[in-house]
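Please keep the structure open while you read.

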Amino acid sequence: MALAAELQSIYCDLHVHIGRTSEGQAVKISGSRDLTFAGIAREAAERKGIGLIGIIDSHSPGVLHDIHAALDSGEMALAAGGGIAYRGTTILLGTEIEIREPGRKECHVLAFMSDLTAMEDFSKWMSAHMRNVNLSSQRLYAPSRVLQDEITGRGGLLIPAHIFTPHKGLYGCAAERMAELFELDRIAAVELGLSADSEMAGYLSELDRYSFLTNSDAHSLGKIGREYNVIEMREPSFQELKLALQRNEGRRVSANFGLNPRLGKYHRTYCAGCGSIIDEAYATSERCPYCGSPKLVQGVLDRILHIADRPLPQVPAHRPPYHYQVPLEFIPGLGKRKLNLLLEAFGTEMNILHRAAEAELAAVAGAELAGLIVLARTGQLVLSSGGGGTYGKVIRT
Ligand SMILES: [Zn+2]
Ligand SMILES: [Zn+2]
């Protein structure tokens, strides 16, 4: 067993999409052009300070080709313990898959494979059960339990994605209990998604056993690290992550950093007819109290309360703290120019957010911005509610 002293705290964001291959072939249509395998690796290692980055869409044959090219050129190497090593950062090979069981809505899961060979083999299997394996988050035409067998049978990790979002989240729209889709013992962890936190998830007793992940689901370079985890590991690798999710040999997720759920796009129930966010008092009504439209989109909080099996949330003792943190991009007045100045001075966004003192920040970006960054660090910026696909806004106090 490793000594605690050998472990380090590593910033991890395990859900970042690929926009294009290096040859310009589309992978995630809504993803930005510079979101390539190499571009994400550089952004994570050099600007964000993320030590373990999960690149979703690693299954796409064009991306696999890019990975081989980076290995052949010597720019990247195979990481001991699984993953791809680039300048002190390890890239985890992942994919996001859409499943739809008969009579249910569709939902997304993440699968991570230990190494390139396993991902190539898994990609080949997926290609026989999907229309276009080149693209991101494609529908898999196979039962959820078969998918679970295919992932865990290859030594991979199955992690339901953004579980509470009304748009393709497992609890958000596809099921009220995990066992309706998967065997509970072979779920590695769950991803909370941008509109929920650990406390809200504590309304469901079946989640007590799982480690929670807070990831960005980034579709552009700037959004990498908008949510992230601190994980105690010996080094950033697939095998160490696996131990951490099991809370084994001292490895564990030691902190979740996420948006305040009120900033999330789907926090509250929203009327698609008039655009109003529906007050909690009307959460169970079937029509919008403002315009009478029946087109209500149930928000994350309202959905959790609807499927809860506890009257009040409970947080198990192993659960790490969940820190509300406003990402740098939400901070009023922090544009590209100021951010670049701060990056020049402090190296990475994680250094700006966690390590630089207020006086040091002020010397580079001015006292007002430094003050806002410190408030953002501690979750003290005031936010308005998000709902119906619009993010809540930071209100300058
Ligand atoms: Zn998704
Ligand atoms: Zn995604």
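1. First, a term. A donor is an N, O or S atom within 2.8 Å of the metal, and water is not among the atoms, so a site may look incomplete. Keep in mind that this is a predicted model. With that term, the spacing of the donor residues of the zinc ion (ligand 1) reads E-x11-H-x53-H along the sequence.

2. Which residues coordinate the zinc ion (ligand 1)? They are Glu96 through OE, His108 through ND1 and His162 through NE2, at 2.1 Å. Glu96 sits in strand β5, while His162 is in the loop between β7 (157-160) and α5 (170-174). The two are 66 residues apart, and the pair links distant parts of the chain. Glu96 has a relative accessible area of 2%, so it is buried. His162 counts as buried too, because its relative accessibility is 8% and buried means under 20%.

3. Now turn to the zinc ion (ligand 2). Its protein donors are His15 (NE2), His17 (NE2), Glu96 (OE) and Asp217 (OD). They lie 2.1 to 2.3 Å from the ion. Along the chain, these donors follow the spacing H-x1-H-x78-E-x120-D. His17 lies in the loop between β1 (8-16) and α1 (37-48), and Glu96 in strand β5 (residues 89-99), so this pair ties together parts that are 79 residues apart in sequence. His17 and Glu96 are both buried.

4. What is the geometry at the zinc ion (ligand 2)? The site is irregular, with angles of 80 to 177° among the four donor atoms. Why is it not tetrahedral? Four donors count as tetrahedral if all angles lie between 85 and 135 degrees, and the range here runs from 80 to 177°. For reference, the ideal angle for four tetrahedral donors is 109.5 degrees.

5. Look at Glu96 again. How far apart are the two zinc ions, and which residue coordinates both? The zinc ion (ligand 1) and the zinc ion (ligand 2) are 3.6 Å apart. Glu96 bridges them.

6. Asp217 is in the loop between β9 (212-213) and β10. It counts as buried because its relative accessibility is 18%. Glu249 also has a positive phi, about 50°, although it is not a glycine. That residue is found in the loop between α7 (238-245) and β11. Is Glu249 buried or partly exposed? At a relative accessible area of 32%, Glu249 is partly exposed.

7. Next, the aromatic rings. The structure holds five aromatic pairs. One of them is Phe122 with Trp125, which is stacked: 5.9 Å centre to centre, with 15° between the planes. Both lie in helix α3 (residues 116-127), three residues apart, or about one turn of the helix. Phe122 counts as buried at 0% relative accessibility. Trp125 is buried at 13%.

8. Tyr228 and Phe257 also pair. Their ring centres are 5.0 Å apart and their planes are at 15°, so this pair is stacked. Tyr228 lies in strand β10 (residues 228-233) and Phe257 in strand β11, so the pair ties together parts 29 residues apart in sequence. Tyr228 and Phe257 are buried. Ring pairs link Tyr11, Tyr228 and Phe257 into a cluster.

9. The largest cavity has a volume of about 50 Å³. Its lining includes Ser211, Phe212, Arg247 and His318. Strand β11 (residues 252-258) gives the largest share of that lining, three residues. By type, the lining divides into three nonpolar, three polar and two charged residues.

10. Finally, an open space. The second largest pocket holds about 370 Å³. Of its 19 lining residues, the closest to the centre are Arg47, Lys48, Gly222, Leu339 and Glu349. Helices α1, α9 (336-346) and α10 (349-355) each give two or more residues to the lining. That lining divides into seven nonpolar, four polar and eight charged residues.

Technical notes: Residues are numbered from 1 along each chain as its sequence is written. Chains are lettered from A and ligands numbered from 1 in the order in which they are written. This is a predicted model: local features need pLDDT of at least 70, side-chain atom pairs count only at pLDDT 80 or more; totals for chains, interfaces and linings use all residues. Side-chain values use heavy atoms; hydrogens and water are left out. Donors are N, O and S atoms within 2.8 Å of the metal (3.2 Å for Na, K and Ca); water is not among the atoms, so sites may look incomplete. Four donors count as tetrahedral if all angles lie between 85 and 135 degrees; four count as square planar and six as octahedral if opposite donors are over 155 degrees apart and all others between 65 and 115; anything else is irregular. Helices (H or I, at least four residues) and strands (E, at least two) are DSSP runs, numbered from the N terminus. Buried means under 20% relative accessible area, exposed over 50%, partly exposed in between (1.4 Å probe, protein chains only). On a 1 Å grid over the protein atoms alone, a cavity is a set of points where a 1.4 Å probe fits but cannot get out, and a pocket is an open set with protein on both sides within 12 Å along at least five of seven lines; lining residues have an atom within 4 Å of a point. Grid points are joined across faces, edges and corners, and a volume is the space filled by probe spheres set on the points. Ala, Val, Leu, Ile, Met, Phe, Trp, Tyr, Cys and Pro count as nonpolar, Asp, Glu, Lys and Arg as charged, and the others, Gly among them, as polar. Rings of Phe, Tyr and Trp (its six-membered ring) pair if their centres lie within 6.5 Å; planes under 30 degrees apart count as stacked, over 60 as edge-to-face and the rest as tilted.
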